[in-house]
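Here are a few notes to read alongside the model, written for someone meeting it for the first time. Keep the 3D view open and take the points in any order you like.

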Amino acid sequence: MKIEKNVLIMSLFPNEITQLFDQTFNTFKSYEQENPEKFIESVSDNIDAIAVMGGTKVSSELIKKIPNLKIIANYGVGYDAVDVDQATLSNVKVTNTPDVLNDEVADTAVALTLCVYKNISSANNFLLEKKWLKSEFPLSKKFSGTKFGILGMGRIGKTIAKRIEAFNCEICYHSRNEKDVKYKFFSKLEELAEYVDTLCVITPGGEETKHLVNSNILQKLGKNGFLINIARGSVIDQQALIQALQNNIICGAGLDVFENEPNVPDNLMKLDNVILTPHIGSATVETRYDMGKLVYDNVVKMLTTNSTISPVN
Ligand code: NAP
């Protein structure tokens with residue numbers, strides 16, 4: 001099926017998805033260009049749709065420069081890098097990729113949690129550096145049976161909770177509104193942080209959640225507490241977190257996301273009570289294909305029927 005419309009692809013998608021776009025539309029790939037901005041300006045009059053990975057900025061200036069734009073299809077459930085208000089003003093639909101990544105991101109959250117409790121990364125290095133020949137690796141902390149707090153009981157938060165049940169943990173959560181779930185609700189994040197052993201962050205990013213986890217919340221989490229962030233770097237005051245980790249105000253952290261990706265501060269990387277991953281929450285072949293296919297399906301639907309599958313505005 002060939003559709004005579006023009007799609008601007010701003011980020012690298014899985015090969016099969018790029019091929020689908022190439023077979024169906026006329027495509028313009030700004031991420032391959034030495035000067036993406038200049039390239040976009042040169043083709044902007046013709047573009048009908050944008051396909052973009054969450055994290056690549058789609059600013060109000062960019063949206064205003066593309067007069068025939070009908071859809072910004074975001075590859076990721078978090079769309080905080082897209083100026084949705086401007087898109088709405090310009091009559092442009094924004095879509096994201098909810099649900100298809102719930103299992104993957106929840107699996108990553110559990111992996112980070114177990115890795116940081118059991119100090120897996122340091123244990124791996126200990127063996128590779130042949131230190132085992134001389135001594136035993138220090139004892140770590142038990143995770144099963146602890147109190148597990150979730151900040152953001154949405155689609156992914158619920159999927160994490162289901163997995164954590166298997167560890168006989170007491171599951172609690174905070175979000176702005178109480179949800180229809182069996183877990184204990186805390187209307188104040190502060191009180192949740194004080195109550196639990198692990199605080200797992202899985203809210204959206206953006207201004208509304210900026211630095212929700214600050215030095216006060218870290219103090220409440222306390223010296224036996226662990227922080228897991230699988231949401232967005234902006235939700236945590238990273239400087240306060242580094243200080244809390246350096247001064248044993250909390251016990252450890254598992255972080256998949258950072259404030260200024262892909263830059264990670266040296267003083268965070270030097271700590272041995274952290275496990276750090278490069279924003280791989282949903283990054284498997286299978287899940288990234290499913291996400292890419294939903295991006296493609298949204299673009300096809302919008303450009304053929306003027307409707308979408310997973311709209312955010
Ligand atoms: P979702 O279903 O919309 O859930 C978000 C939850 O956060 C809701 O329970 C919401 O409840 C709560 N929330 C929103 N604002 C809040 C606030 N100010 N204070 C407290 N709670 C708040 O979203 P999802 O599909 O689970 O995805 C969540 C986020 O995960 C995404 O937006 C994305 O940023 C992140 N993510 C990261 C990765 C990764 O690779 N690391 C992958 C996928 C997603 P209330 O509205 O009741 O507050």
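1. A residue is called exposed when its relative accessible area is over 50%, buried when that value is under 20%, and partly exposed in between. One thing to keep in mind throughout: this is a predicted model.

2. Is Leu128 buried or exposed? Its relative accessibility is 58%, so Leu128 counts as exposed. You'll find Leu128 in helix α6, which covers residues 120–128. Leu128 also belongs to a nonpolar patch on the surface, together with Leu127 and Trp132. The accessible area of the three together is about 360 Å².

3. Now have a look at helix α1, residues 15–24. Its buried residues are Ile17, Thr18, Leu20, Phe21 and Thr24. Why do they sit on the same side of α1? Because the arc they cover around the axis is only 155 degrees. As for what covers the buried residues of α1, the list includes the strands β1 (6–9), β2 (26–29) and β3 (49–53), along with α12 (285–305).

4. Phe39, Ile40 and Val43 are buried here. Looking down the axis of α2, you see these buried residues within an arc of 100 degrees, so they line one face of the helix. The face turned away from them carries Glu37, Lys38 and Ser42, which are exposed. Among the elements covering the buried residues of α2 are β1, β2 and α3 (60–65).

5. On to the strands. Which order do the strands take in the open sheet of seven? It runs β8-β7-β6-β9-β10-β11-β12, and the pairing is parallel. At the edges are β8 (184–185) and β12 (274–276), each of which pairs on one side only.

6. Strand β6 (residues 147–151) runs parallel to β7, and five bridges connect them. Within this pairing, Ile150 stands opposite Tyr173 in β7. Strand β7 itself spans residues 170–174 and is mostly covered, with four of its five residues buried. Further along, β10 (residues 226–229) and β11 (residues 252–255) are joined by four bridges, again in parallel. There, Phe226 has Gly252 in β11 as its bridge partner. For orientation when you look at any of these: in a regular strand, side chains alternate between the two faces of the sheet.

7. Thr203 has a relative accessibility of 13%, so it counts as buried. What does Thr203 touch, leaving aside residues up to four places away in sequence? Its contacts are Leu151, Gly152, Thr209, Ala231 and Val235.

8. How many salt bridges are there? The count comes to ten. One of them joins Asp22 and Lys29, whose closest N and O atoms are 2.9 Å apart. The two partners fall into separate classes: Asp22 is partly exposed at 31% relative accessibility, while Lys29 is buried at 15%.

9. Another salt bridge pairs Lys65 with Glu41, with 3.2 Å between the closest N and O atoms. This one links distant parts of the chain, since Lys65 belongs to helix α3 and Glu41 to helix α2, 24 residues apart. Lys65 has a relative accessible area of 37% and is partly exposed. Glu41 is partly exposed too, at 47%.

10. Last, find Arg163 and Asp107, whose side chains meet in a salt bridge of 2.6 Å, N to O. Arg163 is in helix α7 (residues 155–165) and Asp107 in helix α5 (residues 102–118), so this pair ties together parts that lie 56 residues apart in sequence. Arg163 counts as partly exposed at 23% relative accessibility, and Asp107 is partly exposed at 37%. Asp103 comes into the picture as well: salt bridges with shared partners join Asp103, Asp107 and Arg163 into one network.

Terms used
Residues are numbered from 1 along each chain as its sequence is written. This is a predicted model: local features need pLDDT of at least 70, side-chain atom pairs count only at pLDDT 80 or more; totals for chains, interfaces and linings use all residues. Side-chain values use heavy atoms; hydrogens and water are left out. Buried means under 20% relative accessible area, exposed over 50%, partly exposed in between (1.4 Å probe, protein chains only). Helices (H or I, at least four residues) and strands (E, at least two) are DSSP runs, numbered from the N terminus. The arc is that of the directions from the helix axis to the C-beta atoms. Contact means heavy atoms within 4.5 Å. Patches are made of residues with over 30% relative accessible area and no salt bridge: like charges are joined within 9 Å, nonpolar side chains (Val, Leu, Ile, Met, Phe, Trp, Tyr) within 5 Å. Accessible areas come from the Shrake-Rupley method with a 1.4 Å probe; for residues, only the protein chains shown count as cover. A salt bridge is a side-chain nitrogen of Lys or Arg within 4 Å of a carboxyl oxygen of Asp or Glu. Two strands pair if DSSP finds at least two bridges between them.
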